[in-house]
Amino acid sequence: MQPMIRTALMPKWWQSFVLILLRLAQILFLVPFYLYFSERASLTESVAWFLAVVAFQYVLLFIIRRIEDIATRSKIERLLEQEANETIIEGDEQ
């Protein structure tokens, strides 16, 4: 899982946070294998854990994507408004 392209408009702290969060989510793939090979879970339970990890990662990615969509959309709207205001001011000066 790599951060989305939309992340380019996000602050650096957000980019770092998302990268760390997604890397930690990738480590969760080890949980089912650990449970199975340490004989704490059967094969069926380990497969269920694996599917739960996959579902968790998709939900996490969906949440991150929605946050970035909302933030990016509002930032683009602000930039367009600022550009329109500058154009109006330049038109008034001429």
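Reader: Where does Glu39 lie?

Author: Helices are DSSP runs of H or I with at least four residues, strands are runs of E with at least two, and both are numbered from the N terminus. Glu39 lies in the loop between helix 2 (30–37) and helix 3 (43–93). The model is predicted: local features need pLDDT of at least 70, side-chain atom pairs count only at pLDDT 80 or more, and totals for chains, interfaces and linings use all residues. Residues are numbered from 1 along each chain as its sequence is written, and side-chain values use heavy atoms, with hydrogens and water left out.

Reader: Is Glu39 buried or exposed?

Author: Buried means under 20% relative accessible area, exposed over 50%, and partly exposed in between (1.4 Å probe, protein chains only). Because its relative accessible area is 72%, Glu39 is exposed.

Reader: What is phi of Glu39 near?

Author: Most residues other than glycine have a negative phi. In Glu39, a residue other than glycine, phi is positive, near 60 degrees.

Reader: How many aromatic pairs are there?

Author: Rings of Phe, Tyr and Trp (its six-membered ring) pair if their centres lie within 6.5 Å; planes under 30 degrees apart count as stacked, over 60 as edge-to-face and the rest as tilted. By this rule, the count is 4 aromatic pairs.

Reader: Which form does the aromatic pair of Trp13 and Trp14 have?

Author: The centres of Trp13 and Trp14 are 6.1 Å apart. With 90 degrees between the planes, the pair is edge-to-face.
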